[in-house]
Amino acid sequence: MSSLPNTAPVQQPATEWRTILRHRWPLRWMHWINLLCMLALVGSGLQIYNAHAALYWGEASHFDTPLFATQAVQGQDGRLRGITRIGDARFDTTGVLGVSDNKLGAPVRSGFPGWSTIPGSKNLAMGRRWHFFFAWAWVLNGVAYLVWSLASRHLDRDLALSKRDWRDIPRSIVDHLRLRHPHGDEAARYNPLQKLAYLGVIFVLVPLAVITGLSMSPQMDSVLGWWLDLVGGRQSSRTLHFIAMALFVLFTLVHVVMVFYAGAINELRSMITGRFKVRYPVAAAPAKLPPQPGRRGEGS
Ligand code: HEM
């Protein structure tokens with residue numbers, strides 16, 4: 001005998017939203033100051049790159065064999081074409097890299113387009129001033145972040161991976177692939193992949209950008225000579241500085257996509273006002289959030 005299809009409604013566990021304090025004000029300020037500095041650094045850095053739109057490895061610039069270059073060549077029809085070179089490979093990138101339209105719509109030689117560089121589209125001297133000003137502002141902000149994170153125990157409470165986090169990495173990957181949103185206490189914490197991404201940026205990318213940046217100045221030879229020996233020369237350092245910039249941009253793009261995926265309004269509110277909404281199953285929701293200043297999600 002065939003059984004009847006089960007038409008009983010599936011009981012969803014009751015849930016309720018609670019508002020927690022996710023990010024304290026120093027962290028929120030430092031995060032947005034960081035974004036401002038990074039925008040200025042990328043824009044002014046591309047301005048400096050455009051003054052010689054090619055990267056090399058080693059100590060000397062071998063003009064004919066760059067590792068990476070965004071150049072302009074005159075085609076047989078007399079038109080300018082933008083060519084991007086990566087090793088021996090060449091790509092036509094007219095309109096974006098090598099050759100792009102100026103404000104009047106005319107094609108001009110430019111490693112990166114004028115709209116991506118600050119201040120203005122061709123101003124090396126001012127680009128350098130902006131870059132050095134924002135580099136120091138960014139480093140000071142980073143030092144303040146590090147001191148605050150250690151003093152408030154943000155680093156070991158919220159960012160350091162626990163044994164459980166390491167075990168949970170495969171599950172976290174599956175959750176991300178299945179687009180599964182966490183609830184309750186799990187949503188109030190950073191997930192292991194998020195922690196790894198943030199720690200990678202803070203302890204790998206930031207030091208790489210700072211060391212490669214400083215080592216391009218001959219005044220730093222006595223302090224960072226060991227680094228130039230390690231990577232093979234100033235041109236290698238310039239290339240690694242550019243790669244660090246590209247990885248920052250990549251991180252930021254993925255980071256912003258994840259913010260939208262996790263709920264742009266809730267996430268942005270949490271980084272602007274500190275308040276973050278978390279959905280708890282009714283039975284599991286704490287009747288009142290315990291006052292434990294210093295713990296993320298529980299006030300400060
Ligand atoms: C438009 C650009 C950006 C937006 C909208 C944005 C937004 C956010 C939000 C909402 C969070 C909190 C995430 C959560 O609570 O789960 C966050 C955290 C974070 N963001 Fe961004 N962000 C931006 C750019 C950047 C940039 C450029 C960097 C650095 C390269 C960065 C590094 C970080 C780090 C390290 C954290 C964790 C901070 C901590 O807890 O110590 N963000 N961001």
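**Helix packing and domains in a predicted model**

The axes of helix H6 and helix H8 (residues 234–272) come within 9 Å and cross at roughly 150°; axes are lines fitted to C-alpha atoms, for helices over the stretch in contact, and angles run from 0 to 180 degrees between N-to-C directions. Because angles over 145 degrees count as roughly antiparallel (under 35 as roughly parallel, 65 to 115 as roughly perpendicular and the rest as oblique), H6 is roughly antiparallel to H8. The structure is a predicted model, in which local features need pLDDT of at least 70, side-chain atom pairs count only at pLDDT 80 or more, and totals for chains, interfaces and linings use all residues. Residues are numbered from 1 along each chain as its sequence is written.

**Helices H6 and H8**
- H6 and H8 form a left-handed crossing, that is, the near helix is turned anticlockwise from the far one by less than a right angle (clockwise would be right-handed).
- Residues of H6 that meet H8 include Ala197, Val201, Leu205 and Gly213, while His241, Ala244 and Phe251 are among those of H8 that meet H6.
- The contact of H6 with H8 has ten nonpolar, five polar and no charged residues; Ala, Val, Leu, Ile, Met, Phe, Trp, Tyr, Cys and Pro count as nonpolar, Asp, Glu, Lys and Arg as charged, and the others, Gly among them, as polar.

**Residue Gly213**
- Gly213 belongs to helix H6 (residues 192–215); helices are DSSP runs (H or I, at least four residues) numbered from the N terminus.
- Gly213 is buried, because 22 other C-beta atoms lie within 10 Å (buried: 20 or more; exposed: 12 or fewer; partly exposed: in between; C-beta atoms are placed from the backbone).
- Apart from neighbours within four places in sequence, Gly213 is in contact with Ala135 and His241, where contact requires C-beta atoms, placed from the backbone, within 7 Å.

**Helices H1 and H2**
- The axes of helix H1 (residues 25–51) and helix H2 (residues 124–151) come within 8 Å, with a crossing of roughly 150°, which means that H1 is roughly antiparallel to H2.
- H1 passes H2 in a left-handed crossing, and their contact has 17 nonpolar, seven polar and one charged residues.

**Domains**
- The protein is divided into domain 1 (15–53 + 123–284) and domain 2 (62–111), with bounds from an automatic or database domain assignment.
- The C-alpha centres of domain 1 and domain 2 are 32 Å apart, and four residues from domain 1 and six residues from domain 2 make up the contact.

Note on methods
Helices (H or I, at least four residues) and strands (E, at least two) are DSSP runs, numbered from the N terminus. Two residues are in contact if their C-beta atoms, placed from the backbone, lie within 7 Å.
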